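Subject: The two-chain model, with notes

Hello,

Here is the structure I promised to pass on. Please have a look at it first, and then read my notes below.

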Amino acid sequence: MTYLLSCGPRPAFLALFLVLAACDTPPPYSEAAVQAATELKADSIALLQQANEPFPSHADEAARISTEASAEALAASRIPGNGAVEEQWRLITDPDGNLLGGTLARWETQGTLSRGFRDEVVGEVAQAFDTLICTEQAKQAARSCAAPAGGN
Amino acid sequence: MGLSDNFQAFEDAVKDGLSALATGTLKSAAADIRSDVEAFLEASAEDLKRRGDLLAQGDLTREEFEFLLKSQADNARMIALSQRGISKARIGQFKRSLTTLVLRAAFAAIGI
């Protein structure tokens with residue numbers, strides 16, 4: 001009892017220390033997340049380059065990519081302190097947005113995408129994935145992620 | 001007339017629009033948006049010129065041009081997120097302001 005009383009404040013200090021340490025600790029780097037994003041980028045570009053063809057011919061692949069991207073977004077949202085990556089996945093997958101999700105939705109609505117638009121939007125989608133991958137990798141190197149080169 | 005032929009007039013029109021944006025907006029927020037949009041214009045000039053020319057030639061529709069402009073804005077948000085410290089409210093306001101100002105100036109510069 002005497003011991004507990006004399007040590008009373010220490011658990012409080014320890015708890016405070018742990019809370020402060022948690023605030024400063026970046027979310028953990030995930031090699032699996034980088035791998036998944038890299039594969040999704042390649043698959044997305046390959047798919048969008050075929051958007052001169054009617055969407056129904058590619059609906060299964062579009063659904064697979066959307067499902068996998070949503071799963072990655074959900075996984076990112078479950079990591080404490082991972083708000084930046086979570087929001088980046090939301091921007092990429094949002095069907096009402098203007099990156100992968102929005103482009104797939106547009107293709108589905110319009111049937112096909114024009115060559116000029118397709119060539120340009122592929123670069124934007126690729127850049128979005130590059131930025132997300134860079135953000136994930138920056139956790140490991142404890143560095144900031146500047147604009148990735150070669151977006152378009 | 002393509003956008004690259006008239007890019008200076010386009011840039012000037014966007015910057016004039018930014019000045020007008022200060023009206024009815026918190027001064028600090030207006031300054032943030034101004035610096036965000038100016039940085040965007042600098043980083044995106046080549047893409048904007050090329051796409052403006054495609055628009056003028058009829059290889060992009062106005063709607064496609066607008067979609068791509070918003071894609072660029074989303075990519076600017078992606079980069080801002082990776083650098084942290086930027087609020088969701090600020091990046092939301094950035095996209096709205098950018099879309100309004102740049103579209104108006106680009107269509108005027110191209111004459112459509």
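In what order do the elements of chain A run from the N terminus on? They run α-α-α-α-α-α-α, and the secondary structure of chain A comes to 7 helices and 0 strands. Helices here are DSSP runs of H or I with at least four residues, strands are runs of E with at least two, and both are numbered from the N terminus.

A word on conventions before the details. This is a predicted model, in which local features need pLDDT of at least 70 and side-chain atom pairs count only at pLDDT 80 or more, while totals for chains, interfaces and linings use all residues. Residues are numbered from 1 along each chain as its sequence is written, and chains are lettered from A and ligands numbered from 1 in the order in which they are written.

The model scores ipTM 0.80 and pTM 0.78. For chain A, the average pLDDT (the predictor's confidence in each residue, from 0 to 100) is 84, and 75% of the residues score at least 70. Chain B averages 81, with 81% of the residues at 70 or above.

Two stretches of chain A call for care. Over residues 1-8 of chain A, pLDDT stays under 50, and the model has 0 contacts beyond four places in sequence for them; a contact means that the C-beta atoms of two residues, placed from the backbone, lie within 7 Å. Residues 16-24 of chain A also stay under 50, again with 0 contacts beyond four places in sequence. Where pLDDT is low, the predicted coordinates should not be read in detail.

In chain B, helix H3 (residues 62-83) has the highest mean confidence, 91, and helix H4 (residues 88-110) the lowest, 76.

**Inside chain A**

Of the 152 residues of chain A, 34% count as buried, which is to say that 20 or more other C-beta atoms lie within 10 Å of the residue's own; 12 or fewer make a residue exposed, anything in between partly exposed, and C-beta atoms are placed from the backbone. Among contacts in chain A between residues at least 6 apart in sequence, 65% join residues at least 24 apart.

Helix H3 (residues 31-48) of chain A packs against H4(A) at an angle of about 155 degrees, with the axes 11 Å apart. Axes are lines fitted to C-alpha atoms, for helices over the stretch in contact, and angles run from 0 to 180 degrees between N-to-C directions. H3(A) and H4(A) are therefore roughly antiparallel, the word for angles over 145 degrees. Among the residues that meet here are A:Leu40 and A:Leu47 in H3(A), and A:Ile65 and A:Ala69 in H4(A). The contact of H3(A) with H4(A) divides into 9 nonpolar, 1 polar and 4 charged residues. In these classes, Ala, Val, Leu, Ile, Met, Phe, Trp, Tyr, Cys and Pro are nonpolar, Asp, Glu, Lys and Arg are charged, and the others, Gly among them, are polar.

Helix H4 (residues 59-77) of chain A also packs with H5(A), at about 160 degrees and with axes 8 Å apart, so H4(A) and H5(A) are roughly antiparallel too. The residues making this contact include A:Ala73 of H4(A) and A:Trp89 of H5(A). By class, the contact of H4(A) with H5(A) has 6 nonpolar, 4 polar and 3 charged residues.

A:Glu87 is found in helix H5 of chain A. Why is A:Glu87 classed as partly exposed? Because 19 other C-beta atoms lie within 10 Å of A:Glu87. The C-alpha atoms of A:Glu87 and A:Ala76 are separated by 9.1 Å, and these residues are 11 apart along the chain.

In H6(A), the buried residues are A:Leu100, A:Gly101, A:Gly102, A:Thr103, A:Leu104 and A:Trp107. A:Gly111, with a positive phi near 90 degrees, follows H6(A).

**Chain B and the interface**

Chain B has 4 helices and 0 strands, and buried residues make up 40% of its 112 residues. The contact between the chains takes 26 residues from chain A and 21 residues from chain B. On the chain A side, H7(A) gives the largest share, 12 residues. That side has 11 nonpolar, 11 polar and 4 charged residues.

Best wishes

Technical notes:
Parallel < 35°, antiparallel > 145°, perpendicular 65-115°, else oblique.
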